[in-house]
Structures are given as structure tokens and as C-alpha cells.
Amino acid sequence: MAVLAVSDILPTASDCDACLERLTDGARGLVDPSDIDRGRFEVADDAAAIAALRKIGAQIEAAYEHVAWTVEGMDCTSCAQKIERAVGKVEGVTAAKVAFAAQRLTVEFKAGDAAPDRTESVVTGLGYRVARRESGTTGGGQPRDGDAPLPDAAAKAKPASEGDPALRGGARPGAEPSETAGARTWPAGAAALLRDHRSSATIVAGILLVAGWSLDLAGLGAATLLYAGAAATAIVPIALKAWRAARQGSLFSIELLVTIAAAGAVAIDALGEAALVAFLFNIGEMLEGVAAAKARSSIRALADLVPRVALRVDGTEIREVAADSLAPGDVVEVRPGGRIPADGTVVAGMAAVDLSPVTGESVPVTIGEGQKAVAGTVSTDGALRIRVDRPASDNTIARIIRLVEEAESARAPTARFVDRFSRWYTPAVIVLAAIVTAAPPLIFGEDWTTWIYRGLAMLLIACPCALVISVPASITAALASGARRGLLFKGGAALEAIGKVGTVALDKTGTLTTGKPTVARVEPFTADIGRVLSVAAAVEAGSDHPLAAAIRRAAADQGIAALPAADHRAVPGMAATATVAGQPAAVGSPRYLLERGLVDALARAELDRARAQGQTIVGVALGSELLGMIAFADELRPEARTAIAELKALGVRPIILTGDSAAAASRIADGLRIDAKAELLPAAKLEHVASLRSGGGVAMVGDGINDAPALARADVGIAMGRGTDIALETADAALLHDRLTGIADMVRLSRAALANIRQNVALSIGLKGAFLLTTAFGVTGLWLAILADTGATVVVTLNALRLLRFHGGR
């Protein structure tokens, strides 16, 4: 792939629109503008593309490759940051990103470079275990989670179990993880932790420590040897990790501080406390690992939704194949109770499908021929044949997981602040510990042993681990909780921002309304309602226009059959025509009717009435006679009033921004008792969003291409789940279940996460401050200092995990 350096054609960030216009004119169809925020564009590596780009002043750079690894042994996000910093310094690496929740490291480097081998050496040198996943040559830009599909190569080769009923047509609802694809992809979490050599050393140290205490209580001298053995057993793994981190540039690591404190305790003949400090630190690390595995399990549960195998239809035969081998165009069969293995379109059958695993929708939705099916959902009562539309690496589940992981690795503003704070906090406290150690003996002649002991305790308190993970732990838990309920945030910044907005601007068509016109009324003039509908249905037979579909539905609902018709034609933007009962017939717009002199006083009154009510209207003509008129309305979503009421209860002001007519907007706004701005072109909608931002935070909710600019301009852009691809790509968040009540749930989840973050930060800083004072005055010692640090880390992690139980306001 070739890479376009946007900086060569973008003098300033404010010229983005001009840049896009130049790209559109100069390289139409060759460049994807959605990557503009990365600073480079990806284009096909061919002569035509390169020539077109060079014409507009673009510079073509070298090709890049992405390699992803699974990294085991990370206990908290500070481990992830440590790896990211170390790998970022590797020669040849242009960008590195660690997704802690996915335990994945993704690295970008120039094609042909040996950077991957050097990267593995650095990560293993830090004491972590790595396994390479997949690589691919791409254009430039930051590493993205989509570069390495979730199922790894080893998993793809794994044979399906023979005769397992859970694997025929999909895993059964409630299947164990081992029965589904996700179980092959993810590390074993807590089980892997318990197999770790450091855990074994901790257990041995604990046994020696307990034995030493027992002998000490009995007054036997052998306790000293046991304490020494416990200290050595527990300290050595910590010291090795500290040495590896220091070699890679992470000098002020918690492992180094604990090693110094424990070694200092040994030096002043406090063997028991040295062993206890190292033991408690290792216990804390193990508990952090278990808590982190719990957080990961929420995302892993999404991967577990996709069945391991699928039933592919090959002519007259049905073959059992690996689900991740399905390609677009394949047809699969899903039997009652089976999970759907891929995103696709139903080509045969009808069934009630349980969407709750993916979107949180509590009521099964009936789907049939021509309707979309989503991977991971369950066909509850019928058999379906589905044509695959997307490969396994790009199905709904895979995209959700990628976005959640990407969001988890994109740090929130609070997380960035805490990270900056911790960088100077630790060195500052180390200096303070040195002063506490040396000043009293040197100035006041105090006992060196006493103050060395207190200084060592302050070193333990200096570690900011609890503070550093306090924000990412809450963000990760909230993102996972939201994804399980159909609330998808694309980053911690969006999660934080939506809880602070004071206004939510909503598009009308397709967002507040169903987006599907329905027949509001039929007004007959020279024929009865049945005759009007039968002629209209005949003219609109076979048309895919939304109004045509509404007419056919209305006729079918009333049991009215369409008359025989022939010679169907369309007059673009004006009418549909046909020959019905040997006469020319038309279903046309008011303009079409006026041009043909079919509008009399009665028809004009009906037109005025429809306009006043914000309705669309067409006339039905047969020969030279206007039989009647049909008025259409785009009805409110069933949950719209509840959604608006919930937003108001949260202190958020809803407002409608629409390009529809003022009458149509007023009809919807009056029903919801909110304000509306109508007849807005995309540029005007953009200006209104900008003006709303000046009065405080604003979220924009939309579903269409015309909403994309406003979604991008708002503090938070929220796309409806069934919206256009460009709206979903532009938005900062998405409602996968396509329910408006999810907006209020997003606000609640954001506010819950912000409250959780405040609790964690206050707890971390409060405990540090309290123990700094008590240690300086000799009230607390080494073991309490390490207990305060590791205990605070575990407590903030467990507090963050409470967000996994978020259930919204209902």
C-alpha cells in the first residue's frame, strides 16, 4: 500500500474541508477521507492512484506493515504503558499501541524491517510472554485493532468437534466458552495467572513466612532462616522485573521501589518485614491480575457469541465448516436454537431472532426473506438460510470488539491528566523519602536505623500504581458494560463527554421517527377508499420507493387487492405511471397533478391541509379523473416520548435539527414538547450545532449521510445503529440496539463512570496522603505501607468492576 502524507497538502488543520475537496477532485474514488484524523491516507499501490495523488501535491511514502502479538502477564494498565513506551523506542518501529483489555500489542514498522524480532526481544526482556498473531502490509497511520483479526491462525486450524449438537448450526444459547470461537482467541486469565512462576514463588514465600512466624512465636532461632528464605523467594522475581524495566528505560517502576525497600529492610536486620513486604506486593499483583481477567471476561463474552462452526449450503449438500472460513456470498443454514454464524441477508425462512446477546434488545424480532441477520444472535423458533455479507473478521461482533478495544486504548482526558501527574509525583516522593531518611539524623542526631526504616516505607508509598489505574480501570469497565447493552463508545473521551452535555440535538427522520412513511389517511374524491388504494397499489406494484411500499402495506392491511396493471414507468421526482384496466393511471406529486390540470378546489384544500400537518401527499389518477389523494406521515418511534422524558429528567435539553419542512418538524416537536429547527441543509445544521456548543456541551444524534458533518462537529456524535455507514464511522458513539432510550442510558453510564473515577482518584490520593503522614511520624511501618499501596490498587479495581453491573435507569 502507498501512503499519502496529508501534511503536504494541508497547511493548517482548519483547511480540512479544502483538502477533502481537492482529494475528491484530484483522486476521486482512490482515497478514503475517513482517515484524515490520522494524518495520512491509505490508497491502493498502483500507478494510476499514485499519479492522481501526485497531481494534487501529495507525497508517496514507503509501505508499512502491522504485526500484532498477544501479551500475557500484564496485571494493570501501567504494565501496558510500560510495554508501549519500551517498544516505541525500538529501532524501526514507527508506532506502537497496547490494548490492555485484549492483551494485544500492535506495532507499525516499515515493510521489510526486522523490527518485529527486536520488539519480541524487548517485550520478553520486560518479563512478559508474547505470541505473534498476524501481520499485514498496509498504508501508514496508527496501528488499528482491525489490522489483526480476532481469531488467530492456530485457532483457524483447530478441527470442529464431531457430533457435538451445540456446533450444528451454531452454539446453543448459554453455551460454555469452550464451545465457541472466542474461547480460542483469548488467554485463560486467572488460570494462566495461577500457572505463573511468580505465583508459585509467592505461595512458597507464604509457606516459609507462616512457618517462620510459628517458630518465632515458639521462641526458636530457626525463624530467621525461614524469614530469609521467604524474603529471597519473594524478592527475586520482583527484582528481576525491576532490572528488566530499568534496562528498557522505566527506572521509577514499582518493582524497583519495592526491591529497594525490601533490600533496605534486610540491611537493617528486619528480615520478617522484608519478606512480608515482598509477599504482600506479590499477593496484590495476583489479585490485580484476577480483577483484570474479570474485566476482560466482559469483552471475551462478546467473542464467545460467534459459533465455532457453521452449516454451509453447497448445492444440495450441507457441510459443516469453520465459521471463520465463511466468505461473502456463501449461504448458511441456521436451525432452531442455533446461533447465526455471520452477518448476512435472509434468503429463505422466517424466525424470531433473539438479539439480546448483541444489542440488549429484550424482545425477539421476527426476520424473513430480504432482511438482515446479525452474527451471534439466536434463531429461537425457525430455520433460516442466510447469504453471508461480511467475512468473520468484519462481522458485527468483531467490529464491536475492535471498537471497544480501540476505545479502551484511546485514553480519556482524565486518564492523560493522571498519567502526567504520576510522572512527577513518584520522583517527588522519592526525594521526600530521601529527605526524611537523612535530615533527622544529620540535623538532629536521630537514630539512622529508625529513619532509614521510615524512608523505606515512604518509598513504598511513592508508587502511584493505584492512581495510574484508577481511571483506565473505570473506563474499561464502563466501555465493556456499555457494549454488552448495545451502547458503544469509541473512546474514553466520548464516554466522559456525554455525561457533561447540557443539550442533545436530534435529527428527525429515521432518528426520532421510524424513517418509514405510513399512510396517514386516504381522501377519496370520485371513488371510494378501496378503489383509490386498488389503483394506487396497481401502479406501485414492484416499486421499491418508500411511498410505494407504504401504499402496498396499507392496501394489504385492509384486504384490498391491486388491480391488474402493465407498462409500469417512473417519472423521476414526479410520479409513477402504469396502464390499469385499459386506462393510463398515475400516482403523482402535487406538481405532477397541477401540470396536468387535475387539481380542483377540493384537491387544493386537501393539499393545503396536508402541508399544514407536515404530511407528504400524492394524488391517484385514472384516465383524466383524480380519484383521490393519499397522505403519508413518518410516525414517531414508539419509545421517543419516553426517551425525551428521560433526558429532561437528567437535566439535558433535547432539540430537533432537521432538513424537513417546518410543518413536519412542528408536528413532531409539538408532540414531544421540545423545540425544533427545520429546513436545515447540512451546512446550516452544522452551524446550529456550533452555536449550541457555545452554550455548553452538546451531543448530536443522527442516522444519515447528511448528519455526518454535525455528528463530527458536536462534542459527542451518536449514530443510530441502523444508520448509514458514514454516520456510524463519523460518530463518537453508537446505539447498536437502535433505541432512543439508549441516549439517556449513555448519559447515566457516563455519569456513573465519572463518579467512579472521582471515587478511585480520591481513594488513591487520600490513602497516599494519609500514609505519608503516618509513616513520617513513625505510626505505620513497611508492611502497612505496602498493604496500603497494593490494597488501594485492588480496591480501586474492584470499585471499577462495579460498573459491569450497570443496568441503566430502568
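**Close-up 1. The residue that follows helix α22.** Just after α22, G614 adopts a positive phi of about 70°; helices here are DSSP runs of H or I of at least four residues and strands are runs of E of at least two, numbered from the N terminus. The model is a predicted one, in which local features need pLDDT of at least 70 and side-chain atom pairs count only at pLDDT 80 or more, while totals for chains, interfaces and linings use all residues. Residues are numbered from 1 along each chain as its sequence is written, and side-chain values use heavy atoms, with hydrogens and water left out.

**Close-up 2. The start of α22.** Here a side-chain oxygen of D600 comes to within 3.2 Å of the backbone nitrogen of L602.

**Close-up 3. The two sides of α22.** A603, E606, L607 and A610 are the buried residues of this helix, where buried means under 20% relative accessible area, exposed over 50% and partly exposed in between, with a 1.4 Å probe and protein chains only. Viewed down the axis of α22, these buried residues fall within an arc of 105°, so they line one face of the helix; the arc is that of the directions from the helix axis to the C-beta atoms. The face turned away from the buried side carries the exposed residues A601 and A612. The buried residues pack against β19 (518-524), α21 (590-595), β23 (616-622) and β24 (625-633).

Close-up 4. K516, in the loop between α18 (508-512) and β19, counts as exposed at 56% relative accessibility. Leaving aside neighbours within four places in sequence, K516 is in contact (heavy atoms within 4.5 Å) with A633 and D634.

Conventions:
Polar contact = N/O pair within 3.5 Å; in protein donor to acceptor, adjacent residues only side chain to side chain.
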